[in-house]
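Here is a short briefing on one protein chain. It covers the core, the sheet and the salt bridges.

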Amino acid sequence: MAASDKLVAAARAVRERAAADYSGFKVGAALETRAGDIVTGCNVENATYGLTICAERVAVFKAISEGHREFTRIVIVADTESPTPPCGACRQILWEFGGDIEVILANLTEVKATLRMKDLLPMPFDRRLLGS
Ligand code: THU
């Protein structure tokens, strides 16, 4: 199985674990580390709605807390005909920790789009502006 197929399969599998009782919109994400490990995440909703965390941020925060710091790609899976891109908050976090990584958008049967973070977040606010 090609590396990208494995990543897509991991995102599809973790999507099944989404706690998306409020929206019914399940999302899975699989983040690839530079070393080749895969860290997954699903969206986790909450009765307040506002405390929901998207699949992408769950994957990034899990990865950081497990000691990973360098990333190459992320696959995002939703059951939609059009590609489901990361929300604004997730773009900020993906840029912060992943930089210009590849972003692969897939649904349950096919890959719909492949982009780079710099195209999804063309004028980022980041540490360079803080002088650090
Ligand atoms: N969601 C994600 O997890 N990732 C995205 O890229 C888009 C939106 C989640 C948040 C919420 O649980 C549900 O999808 C509907 O917005």
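The largest nonpolar core has 22 residues, and Leu31, Ile74, Ile101, Val103 and Met117 touch the most other members. A nonpolar core is a set of buried Ala, Val, Leu, Ile, Met, Phe, Trp, Tyr and Cys residues joined through side-chain atoms within 4.5 Å. Buried means under 20% relative accessible area, exposed over 50%, and partly exposed in between (1.4 Å probe, protein chains only).

This is a predicted model: local features need pLDDT of at least 70, side-chain atom pairs count only at pLDDT 80 or more, and totals for chains, interfaces and linings use all residues. Residues are numbered from 1 along each chain as its sequence is written, and side-chain values use heavy atoms, with hydrogens and water left out.

- Two or more core residues come from each of strand S1 (27–33), helix H2 (55–65), strand S3 (71–78), helix H3 (88–98), strand S4 (102–106) and helix H4 (117–120).
- Helices (H or I, at least four residues) and strands (E, at least two) are DSSP runs, numbered from the N terminus.
- H2 gives the most to this core, with 5 residues.
- Another core, of 9 residues, lies apart from it; Leu7, Ala10, Val77 and Ala106 are among its members.
- Beyond its neighbours within four places in sequence, Ile74 is in contact (heavy atoms within 4.5 Å) with residues including Ala29, Leu31, Leu94, Ile101 and Val103.

**Sheet**
- An open sheet of 5 strands runs in the order S2-S1-S3-S4-S5, with mixed pairing.
- Strands S2 (38–42) and S5 (111–116) stand at the edges with a single partner strand each, so one side of each has no neighbour in the sheet.
- Two strands pair if DSSP finds at least two bridges between them.
- S3 and S4 pair in the parallel sense over 5 bridges.
- Arg73 stands opposite Glu102 in S4.

**Salt bridges**
- There are 8 salt bridges, each a side-chain nitrogen of Lys or Arg within 4 Å of a carboxyl oxygen of Asp or Glu.
- The side chains of Glu32 and Arg73 form one of them, at 2.9 Å from N to O.
- Glu32 is in strand S1 and Arg73 in strand S3, so this pair ties together parts 41 residues apart in sequence.
- Glu32 is buried, at 12% relative accessible area, and Arg73 is buried at 17%.
- Glu96 forms a salt bridge with Arg127, their closest N and O atoms being 3.4 Å apart.
- That pair links helix H3 to helix H5 (residues 127–130), 31 residues apart.
- Glu96 is partly exposed at 33% relative accessibility, and Arg127 is partly exposed at 47%.
- A network of salt bridges links Glu81, Glu110 and Lys112.
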